[in-house]
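Please examine the sequence and the structure shown below before reading on. The paragraphs that follow lead through its parts in turn.

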Amino acid sequence: MAVDELDTRILRLLLEQPRTSVREYARMLGVARGTLQARLDRLERDGVITGTGPSLSPAALGHPVLAFVHIEVTQGHLDDVGDALAAVPEIIEVFSITGGGDLLTRVVARDNGHLEDVIQTLISLPGVVRTRTEVALRERVPQRLLPLVESIGRAAKG
């Protein structure tokens with residue numbers, strides 16, 4: 001999907017001021033409300049905008065420990081293991097990967113003991129061969145998309 005300069009300006013506002021009304025966004029951008037709404041609808045339909053809910057902090061919810069767990073899976077059991085992982089509430093993301101392992105999970109826990117309990121749960125799942133865990137010490141660059149949106153906007157201008 002092609003994203004033009006107006007789209008990138010809209011996305012920037014959504015990222016910087018997510019609680020603003022559509023009417024106010026239209027005013028700030030100098031476009032008609034209907035134009036803005038049509039753009040938002042297209043961006044959602046095309047999968048560029050994937051959600052509008054709040055971003056939550058696992059740490060503020062009592063789960064300050066973050067780890068990345070690589071999981072090696074018995075051949076032919078990837079879908080089964082993926083389904084089982086979806087039932088573990090401390091797993092907040094799972095990706096199929098190449099390289100050392102088949103799945104990469106992002107896991108949160110209350111403390112290191114709780115993290116060990118979660119890992120033991122993962123190891124006991126049918127189809128899991130082994131795991132490798134890396135504990136995050138400090139977030140250096142928080143999840144962000146604005147620099148990417150700005151880069152796309154510059155490319156759309158040129």
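Which residues does Leu122 touch, not counting residues up to four places away in sequence? Leu122 touches Val69, Ile71, Leu85, Val88, Ile91 and Val128, where contact means heavy atoms within 4.5 Å. The model is predicted, so local features need pLDDT of at least 70 and side-chain atom pairs count only at pLDDT 80 or more, while totals for chains, interfaces and linings use all residues. Residues are numbered from 1 along each chain as its sequence is written, and side-chain values use heavy atoms, with hydrogens and water left out.

Buried means under 20% relative accessible area, exposed means over 50%, and partly exposed lies in between, with a 1.4 Å probe and protein chains only. Helices (H or I, at least four residues) and strands (E, at least two) are DSSP runs, numbered from the N terminus.

Is Thr105 buried or exposed? Thr105 counts as buried, because its relative accessibility is 1%. Leaving out residues up to four places away in sequence, Thr105 touches Ala67, Phe68, Val69, Ile71, Leu85, Ile91, Glu93 and Val94.

Two packed helices are described by the angle between their axes and the distance between the axes. Here the axes are lines fitted to C-alpha atoms, for helices over the stretch in contact, and angles run from 0 to 180 degrees between N-to-C directions. The axes of helix 1 (residues 5-16) and helix 3 (residues 33-45) come within 11 Å and cross at roughly 85 degrees. Helix 1 is therefore roughly perpendicular to helix 3; angles under 35 degrees count as roughly parallel, over 145 as roughly antiparallel, 65 to 115 as roughly perpendicular and the rest as oblique. On the side of helix 1, the contact is made by Leu6, Asp7, Ile10, Leu11 and Leu14, and on the side of helix 3 by Thr35, Leu36, Arg39, Leu40, Arg42 and Leu43. These residues divide into 7 nonpolar, 1 polar and 3 charged. In this division Ala, Val, Leu, Ile, Met, Phe, Trp, Tyr, Cys and Pro count as nonpolar, Asp, Glu, Lys and Arg as charged, and the others, Gly among them, as polar.

Helix 3 also meets helix 2. The axes of helix 2 and helix 3 come within 9 Å and cross at roughly 110 degrees, and the two helices are therefore roughly perpendicular to each other. Val22, Arg23, Tyr25, Ala26 and Leu29 in helix 2 meet Arg33, Leu36, Gln37 and Leu40 in helix 3. The residues of this contact comprise 6 nonpolar, 1 polar and 2 charged.

Which residues of helix 2 (residues 22-29) are buried? They are Tyr25, Ala26 and Leu29. Seen down the axis of helix 2, these buried residues fall within an arc of 100 degrees, so they line one face of the helix; the arc is that of the directions from the helix axis to the C-beta atoms. The buried residues pack against helix 1 and helix 3, whereas Arg23 and Arg27 are exposed on the other side of helix 2. Gly30 follows helix 2 and has a positive phi, near 70 degrees.

Leu13 lies in helix 1 and counts as buried at 10% relative accessibility. Apart from residues up to four places away in sequence, Leu13 touches Pro18, Tyr25, Met28 and Leu29. Pro18 lies in the loop between helix 1 and helix 2 and is exposed, with a relative accessible area of 57%. Pro18 and Leu145 are 127 residues apart in sequence and 13 Å apart in space, C-alpha to C-alpha.
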